Amino acid sequence: MRYLPLSDADRTAMLARIGVTDIDALFADIPADKLLKAPVDLPRRKGELEVERQLGRLAAKNVPASSVPFFVGAGAYKHHVPATVDHLIQRSEFLTSYTPYQPEIAQGTLQYLFEFQTQVALLTGMEVANASMYDGSTGTGEAVLMAHRVSKRRKAILSGGLHPHYAEVVRTLSHMASDSVVSAPASPLADEDLIGLIDGETSCVVVQNPDVFGNIRDLRPIAAAAQARGALLIAVFTEAVSLGLIESPGAMGADIVVGEGQSIGNALNFGGPYVGLFAAKQKYVRQMPGRLCGETVDAEGQRGFVLTLSTREQHIRRDKATSNICTNSGLCCLAFTIHMTLLGEAGLKRLARINHANAVKLADALAGVKGVSVLNKAFFNEFTIRVPGKAVDVVEKLAGKGVLGGVPYARLAPETGLDDLILVASTEVNSDDDRAAFVAALKEVL
Amino acid sequence: MLNNQGRPTAAGAATAAAHPTFTGNQALQIEEALLFEIGRADCTGVDLDEPAAFTPRLGGLERKGPIGLVGLSEPETMRHFVRLSQKNYGIDTGLFPLGSCTMKHNPRLNEKMARLPGFSDIHPLQPQSTVQGALELIDQLAHWLMVLTGTSAVAMSPKAGAHGELAGMMAIKAAIDAKGEGASRKVVLVPESAHGTNPATAALIGFIVKPVPARADGTVHVDDVKALLGPDVAAIMLTNPNTCGIFEPQIVEIARAMHEAGAYFYCDGANFNAIVGKARPGDLGIDAMHINLHKTFSTPHGGGGPGAGPVVLSDRLARFAPLPFIRRDGSHFALVETADQAGNVQAFGRVTAFHGQMGMYVRALSYMMSHGSDGMKQASEDAVLNANYIRAGLEDLMSLPFPDHPSMHEALFDDTWLKDTGISTLDFAKAMIDEGYHPMTMYFPLVVHGAMLIEPTESESRASLDLFIMTLRDLAMRAKRGETERFSAAPFHAPRRRLDETRAARNPILRWTPPQPIQQAAE
């Protein structure tokens, strides 16, 4: 087996050194009737070539985003990632290192985490950010728990514009922790009255911006109303590129900001791995979940970085920890940091403008198709269209025409009965030809 | 001795310390400033064309003013991150004996497979008819995991080990609620030797954690579990092989006792690498166990993630598995995403958006297919053999807290042997850094004093193990001879000397901020 350096002669000599004759002597604590006598019923070993063939066959059954006009978003976005990013994250010293428990030989990881935390804090307009969460949805669940710790209340209000999967993650966690959740009804036009739901028991209000329907929201009135009642505003985003163009959640008064960072540096990967961004006001830092990297000095006074404030964490506090989280999303947050470094402020803002421009062009083109209406007044790179008939069928027929034309909202939230809505995203990867193909295909299938 | 330019090659009396460099660099070890100290607001390493003029539709919520980000050109970006990488130790650098973390070789075939556009460039919400191969891959991986563990269901979506624990404990809670015992069964038993994630997970969803004492031989005895059992107990969370590196000999009896008391058995699968192909947790009576794909099945640790933590479930828990899951119908694969599609499965909810860590699934399946059933069994045997070989090579110099059981894939030492030397486990670990090794896990498990948990994995050759043993023997003898400074001031040769963690925690600096203008700083 190519990954195993020991030869049979090595094994025999090593067993002799240990003082046993048979390997199973080392497995003596396994009850004899539970020790497997033969290999389990799975295929035997394969060379590289054969593994490549078999997995290649499975990969070939899927339709990659780059191969078709592609407009699918709803929480994960197709962006172009510079070649430099994927090269750098495959450097052995990044790829095959561990959580930086020994900081003297992990300064590479620690310094980029410090840079990542700074980038995220700036982008969200917040004072501090952590070293990342698993993804945006689990980060949202953790943000709600954090708000409960801060406010010492246990009721969350979820906007009807929150991604239904995110809402479901929060509801699952809250149900299990016996906390209460009030979910506002789905709100395709962003006309919900969240402020009216806030009461003296409310711990936090969770609002996504742009929301799942693509609407851009003014968070300021909600922040003010929540804070006046002693509650926190948790601002969520699923498209990090939007922060290059629209007002930051921090500037609009958010107490905690959490979002999905996949758009910067990371591939679609069929849903994971992604990278959750998590930022907050400085005064709440000791209630934050997840790893934090901090600056310090070494024994010779040189600047260096370490994981810090670990007394919040499970390996120290055990059942009193702020979270059970043990890892961050290291390599994905490295990809984010590198891509953001390449973009810089100028590049990010331009990328955001291109996304918005492409979405505006697409919205106008689709609005011209008979029977189709665009619901949004304000949006970034994603909007909602209403189609005659069932959105699920329309999207499936579009796929049959070789166009991946968005996400039927009902796939995410069938219980809402909003069967005629499609969430449509357009990024820098879409060309005029892609848009023309989408319009032509839509006309054919309607 | 002369080289061909006629200059002497001997260093003579000169030492490196007497000749500090202007830059602070030491040849290949180059100091690197922070991104924010070298980047520029107007610099970008990505060529993008400004879009043609258009009327924005942002509802008047445009960002005003600068963000504060900086950029670098592509060559500068490359150099910045390459230099940072050179300050890191990875498995590819050398032996990485971090106990409980299973730092094994990461085959690059797996990276190549995960980057096939058919896996990496597909969206989680594109029509299912366009991702049948992806669903088939997840289904295949699920099959391998169920066969290897002897279980009948697996929830694939958890994003990491601790997240798998959470999903497994949620399934247990859902099962208890379904029996109407939610209000009474609130206690989860957790041995003192457990990973910190276990009690943290149980507490996160409202359970009360009760510790189970370990016996003097490092194992949990069924009588100690039975003494704590009652109608208030929901589950036990037990790691097996345990964190002392020992296979729990009474695990079958413990499982039976839990079930007889109407409670469940959660197994922490962090140490599954020791027994893959040797024993199946399902045969031992477990009800749920997460599998760290980044440990046992070699997906890269990546400096702390991303991981993946599918959790296998027994028949007793299978119908409470979270959404989503895959249902196979002949050659068609359907993704069950919502409660109304779930049929008789009483899914307890959803633990993450989308369907989990696809990129890690591809890597793990590539690893499994490469090894096959025979190779995985051999890998486990080699992992256990290597750990016991290290133990045999060191046990006369370093103290074993639990000599009565063979080690599984990791050998646990304590610091009794360092008594009266003035040298701590931490000091010893830092001296290992100077010798070119990543230290072992220190001070964990908590049940032994000054723990040193060494897990070499199956990836090490005999020559590599021999050199490691000789190195640790040399250090151990130096420690016993009283060469204190070599340890207390170590490391000497790493990119940084020992870092002040107290200072970092007392006055947290968690991000870069622009330097204050000089006048202000002087005030």
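**Figure 1. The two domains of chain A.** In this predicted model, the C-alpha centres of domain 1 of chain A and domain 2 of chain A are 27 Å apart. The domain assignment places residues 67-80 and 345-445 in domain 1 of chain A, and residues 83-338 in domain 2 of chain A. Where the domains meet, 28 residues of domain 1 of chain A are in contact with 24 residues of domain 2 of chain A. On the side of domain 1 of chain A that touches domain 2 of chain A, helix 10, strand 11 (382-386) and strand 13 (421-425) of chain A each provide at least two residues. The largest share of that side, 7 residues, belongs to helix 10 of chain A. By class, the side of domain 1 of chain A that touches domain 2 of chain A consists of 16 nonpolar, 8 polar and 4 charged residues.

**Figure 2. The contact between chain A and chain B.** Chain A contributes 165 residues to this contact, and chain B contributes 174 residues. Helix 10 of chain A (residues 330-367) supplies the largest share of the side of chain A that touches chain B, namely 21 residues. The side of chain A that touches chain B comprises 85 nonpolar, 47 polar and 33 charged residues.

**Figure 3. The crossing of helix 2 of chain A and helix 12 of chain B.** The view shows helix 2 of chain A (residues 48-59) with helix 12 of chain B (residues 358-394); the axes of these helices come within 10 Å and cross at roughly 140°. Helix 2 of chain A and helix 12 of chain B are therefore oblique to each other, and their crossing is right-handed. From helix 2 of chain A, the contact involves Val51(A), Gln54(A) and Leu55(A), while helix 12 of chain B brings Val362(B), Ser366(B), Met369(B) and Ser370(B). Divided by class, the contact of helix 2 of chain A with helix 12 of chain B has 4 nonpolar and 3 polar residues, with no charged residues.

Figure 4. The secondary structure of chain B consists of 17 helices and 12 strands. Taken along the principal axes, the C-alpha atoms of chain B fill a box of roughly 80 × 75 × 55 Å. Chain B has 523 residues, of which 57% count as buried. Of the contacts in chain B between residues at least 6 apart in sequence, 73% link residues at least 24 apart. Chain B is divided into domain 1, residues 110-367, and domain 2, residues 378-506. A distance of 31 Å separates the C-alpha centres of domain 1 of chain B and domain 2 of chain B. Their contact takes 18 residues from domain 1 of chain B and 19 residues from domain 2 of chain B. The side of domain 1 of chain B that touches domain 2 of chain B has 8 nonpolar, 7 polar and 3 charged residues.

**Figure 5. The surroundings of Ala41(B).** Ala41(B) lies in the loop between helix 1 (35-38) and helix 2 (74-85) of chain B. Because 14 other C-beta atoms are within 10 Å, Ala41(B) is partly exposed. Residues up to four places away in sequence aside, Ala41(B) touches Glu345(A), Pro66(B) and Val70(B). Ala41(B) and Pro66(B) are 25 residues apart along the chain, and their C-alpha atoms are separated by 8.9 Å.

Definitions and conventions:
Residues numbered from 1 in each chain as written. Chains lettered and ligands numbered in written order. Predicted model: local features only at pLDDT ≥ 70, side-chain atom pairs only at ≥ 80, totals over all residues. Contact = placed C-beta atoms within 7 Å. Helix = DSSP H or I, 4+ residues; strand = E, 2+ residues; numbered from the N terminus. Nonpolar A, V, L, I, M, F, W, Y, C, P; charged D, E, K, R; others polar. Axes fitted to C-alpha atoms, helices over the stretch in contact; angles between N-to-C directions. Parallel < 35°, antiparallel > 145°, perpendicular 65-115°, else oblique. Left-handed = near helix turned anticlockwise from the far one by under 90°. Domains from an automatic or database assignment. Buried ≥ 20, exposed ≤ 12 C-beta atoms within 10 Å, placed from the backbone.
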